[in-house]
Amino acid sequence: MKRAEVVFSGMRPTGRLHLGNYWGALKNWVSLQAQYPCFFAVVDWHMLTTGYDDTSKLRENSREMVLDWLAAGLDPAKSVIFKQSDVPEHAELALMLGMVTPLSWLENNPTWKEQLQELSKTKREMAAEGASKVATVVAAKGTDAATQELRTFGFLGYPVLQAADILLYGGTKVPVGQDQLPHVELSRDIARKFNHVFGETFAEPQALLTPAPKVPGLDSRKMSKSYNNAIDIYETEKSLEKKIKSAYTDPNRKSATDPGHPLPCAENPPGCSVYALHKLYADDAFYAKRGDECRAGKLGCGDCKKDLLSEMSKPFDEFRKRRESFTPAQVDQVLAEGGERARAVARKTMDEVRRAMRLR
Ligand code: SF4
């Protein structure tokens, strides 16, 4: 069966987005809007799978994230922008998909196994600060208890809910990062299994691996909120300047005339973070020239950082202006309208699903 291409993707509401999120995902979403019908969801239920013990910031974080989406150029006139929890059909479909999903598929999911370990570590750290109810259990009962608290039905079923997200809208192209490949693969398997059992109902989704340039954090590790090394896509001029000034360069350079190592190499294994950012914000000719100048010891890192700041000033100014042009009420409005549009499609799909399953 030939189907129209539909783009679906989602992000968990972690609050403000950083340049890693922008260059790795959001920028691609913005360009996909021009080519395909697109659905972009704030997947707040997915956030609950691991964060159920602290929901105090969920709403605020969703709003902040959608503001960043809008600032980056996602356009509610082109894309359906909505919140998963506004469309209860996601839960209904996830329940139905759960019927055909063997437990072994979920238990063997590499992402789940890794995250379980990672997260129980995080909760243990939070326990030291007494941050949440789960963390308190951890503090009282130890590590195994942490893992047990996270080994929930909901978390194991994360990919089933993700499959429901995509399949509800006939998503065929799922722009995601490398790390999400196992999940999209599982969505495909689940769609196939359902179609096999109940007859052709769902299009089979496919990951759309979009170009994701490497964005190092200020300390040269991967940019991540939890490493505290991130540049947000919405920074004040002052804070952007402060962050760039603190960015990792080539530690071998003691003076401006020392030859530098801008790219990853034996002398500077992670490579210079400032140079990596030039690659994103300067034109190719400048980027190449700057590499030569650095290697020849022709300028100091301070001046190099100033150049970077001036390259970044225009795009950051645009983000700032666009973000500040939306009020919280407008964000709520975007989500309300998007929720209605999403729901109309989701209802139709669920009618077909119920019919296929002979529930009606
Ligand atoms: Fe990095 Fe620029 Fe310093 Fe070279 S001169 S190490 S590219 S900041």
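Which residues of helix 13 and helix 15 meet? In this predicted model, V274, L277, H278 and Y281 in helix 13 meet C304, K305, D307, L308, E311, M312, P315 and F316 in helix 15, contact being heavy atoms within 4.5 Å. Axes here are lines fitted to C-alpha atoms, for helices over the stretch in contact, with angles running from 0 to 180 degrees between N-to-C directions. Helices (H or I, at least four residues) and strands (E, at least two) are DSSP runs, numbered from the N terminus.

As for handedness, helix 13 and helix 15 make a left-handed crossing, meaning the near helix is turned anticlockwise from the far one by less than a right angle (clockwise would be right-handed). Helix 4 (residues 89-100), by contrast, passes helix 10 (residues 158-168) in a right-handed crossing. Their contact involves E89, H90, L93, A94, L97 and G98 of helix 4 and, on helix 10, V160, L161, A163, A164, D165, L167 and L168.

Helix 3 (residues 58-72) and helix 16 (residues 328-356) cross at roughly 85°, their axes coming within 10 Å. That makes helix 3 roughly perpendicular to helix 16, a label for angles of 65 to 115 degrees (under 35 is roughly parallel, over 145 roughly antiparallel, the rest oblique). R63, V66, L67 and L70 of helix 3 sit against P328, V331, D332, V334 and L335 of helix 16.

Turning to strands, strand 4 (residues 173-176) runs parallel to strand 5 (residues 206-209), joined by four bridges; pairing takes at least two DSSP bridges. P175 has L208 as its bridge partner in strand 5.

Residues are numbered from 1 along each chain as its sequence is written. Local features need pLDDT of at least 70, side-chain atom pairs count only at pLDDT 80 or more, totals for chains, interfaces and linings use all residues, and side-chain values use heavy atoms, leaving out hydrogens and water.
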